[in-house]
Amino acid sequence: MCEFANLPSAASPKLRSLPLLTEVNITLLNLAFAILHFVLAPTGLEPVAAALVAGNLFGIVLPYLGVICLIVHFIVGPIMGPEVYQSVVLDHKLHWTFGLFVANIIVAVFDSSHRKVEGSDYRGYESKLAKYALKFWISLYTYIEMDVEPWCKDARLDPNRQFIFACHPHGIHCFPLGLFHNKGSPFDERFPGICGNISGLAATVVFKLPGVREFFLSLPYIDASRPVAEKALKAERNLFVCTGSGEESLLTTQGEDILVLSRRKGFIRLAMAYGCAVVPVFGLGNNDLFVTYPYFSGFRMWLQKKLHVSIPLFRGRFFTPLPFRTKIKVVIGEPLVMPKPKVRGKRPDEKDVEKFLQIYIERVKELHKNHGNGRKLTIR
């Protein structure tokens with residue numbers, strides 16, 4: 001069973017600075033999840049609620065709007081008085097809503113916080129409110145159990161080395177990525193010293209969607225562009241990334257694992273340029289959390305390749321975004337050690353990149369064969 005233990009009690013000493021509106025939004029999200037924790041934890045429904053929110057990640061704005069409505073109705077209203085509240089707030093609620101929407105869009109378009117590497121750590125320890133919100137999210141892993149299984153019994157990852165963790169498959173959502181977010185996770189318990197000095201790479205588009213961007217900025221994610229990833233490696237940080245990205249998400253199929261990998265050279269190129277070891281991470285069962293549908297697949301794939309927007313058609317239990325209750329075995333493969341570069345950061349020869357990509361693909365196939373219990377694996 002996946003449990004989080006020994007969570008840090010102190011805040012990170014230096015977190016990346018964010019715009020005021022973004023900080024407020026993160027606080028409101030934490031308040032929403034903290035309320036859900038206090039209300040649902042005694043009923044035993046908290047894990048289900050956390051899984052439902054995670055399954056509908058791009059609808060995370062709903063708890064945010066809900067807590068704003070609660071604050072306005074139960075705090076602002078009584079302070080203003082019924083007549084003033086009616087004339088100032090209720091009679092102009094559409095104007096207030098539109099103004100809030102425009103302000104968030106402006107911040108999302110022009111803010112570059114996702115390109116900041118320094119201080120891009122987990123923000124769940126900085127206040128009591130954030131810690132209660134963290135308890136809500138931790139409950140998710142009693143609904144979706146995840147076991148960390150290393151390549152061998154005495155496996156060890158040297159925290160003084162630099163790693164790039166390549167995660168497969170993407171699925172609708174890559175739930176195993178959550179094991180890298182914070183200290184105290186099952187991955188951190190098994191391989192101490194990695195979490196806390198690690199950044200996740202996420203597509204630029206997720207940092208441009210109000211609500212979603214705040215969620216990712218509260219976690220150790222940065223922009224997936226090459227300059228930002230290089231900045232993180234120069235700062236001696238580890239990286240984790242779901243290499244198949246949105247294209248792989250569109251190929252999610254229950255009962256099998258389809259990887260978009262044969263042309264994905266970027267993470268190998270980065271590893272070779274900076275002398276990092278690449279660690280394959282395979283979430284066996286991640287593709288089984290949702291039922292997917294192939295309708296308009298050609299158009300949706302075109303949209304993904306041209307605009308980098310992925311729209312998977314899926315459902316969970318009861319035709320909702322609630323994932324099916326499936327156990328995920330997260331297999332950590334043996335690191336693929338790269339040769340030390342003569343000049344750190346210099347772009348490697350493409351023939352060497354292709355060579356090590358093929359070696360990596362064979363490692364992934366072997367890992368899947370040894371732990372996949374006969375699941376079908378397709379690499380594109």
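Modeller: Start with H308, which is exposed, because its relative accessible area is 56%; buried means under 20%, exposed over 50% and partly exposed in between, with a 1.4 Å probe and protein chains only. The model is predicted, so local features need pLDDT of at least 70 and side-chain atom pairs pLDDT 80 or more, while totals for chains, interfaces and linings use all residues. Residues are numbered from 1 along each chain as its sequence is written, and side-chain values use heavy atoms, leaving out hydrogens and water.

Biologist: Where does H308 lie?

Modeller: H308 is in the loop between α13 (297-307) and β9 (314-315); helices (H or I, at least four residues) and strands (E, at least two) are DSSP runs numbered from the N terminus. Phi of H308 is near 60°, a positive value in a residue other than glycine. Most residues other than glycine have a negative phi.

Biologist: And F319, buried or exposed?

Modeller: F319 counts as exposed, at 65% relative accessibility. F319 also has a positive phi, about 60°, though it is not a glycine, and its place is the loop between β9 and β10 (328-332). R315 lies over the face of F319, 4.2 Å from the ring centre; the rule wants NZ of Lys or CZ of Arg within 6 Å of the ring centre and within 35 degrees of the ring normal.

Biologist: Which peptide bond is cis?

Modeller: The one from H168 to P169 is cis, with omega near -20°. P169 lies in the loop between β2 (163-168) and α8 (186-190).

Biologist: Switching to the sheet. What is the strand order?

Modeller: The order is β1-β10-β7-β2-β5-β3-β4, seven strands in an open sheet with mixed pairing; two strands pair if DSSP finds at least two bridges between them.

Biologist: Which strands stand at the edges?

Modeller: β1 (146-150) and β4 (221-223) do, each with a single partner strand, so one side of each has no neighbour in the sheet. Strand β3 (residues 198-202) runs parallel to β4, joined by three bridges. I222 in β4 is the bridge partner of L201.

Biologist: Last topic, aromatics. How many aromatic pairs?

Modeller: The count is 20, for Phe, Tyr and Trp (six-membered ring) with ring centres within 6.5 Å; planes under 30 degrees apart are stacked, over 60 edge-to-face, the rest tilted. F136 and W137 have centres 5.4 Å apart and planes at 75°, so that pair is edge-to-face. Both F136 and W137 are buried.

Biologist: Why is the pair of Y293 and Y295 stacked?

Modeller: Because their planes are at 5°, with centres 5.9 Å apart. Y293 is partly exposed at 27% relative accessible area, and Y295 is exposed at 51%.
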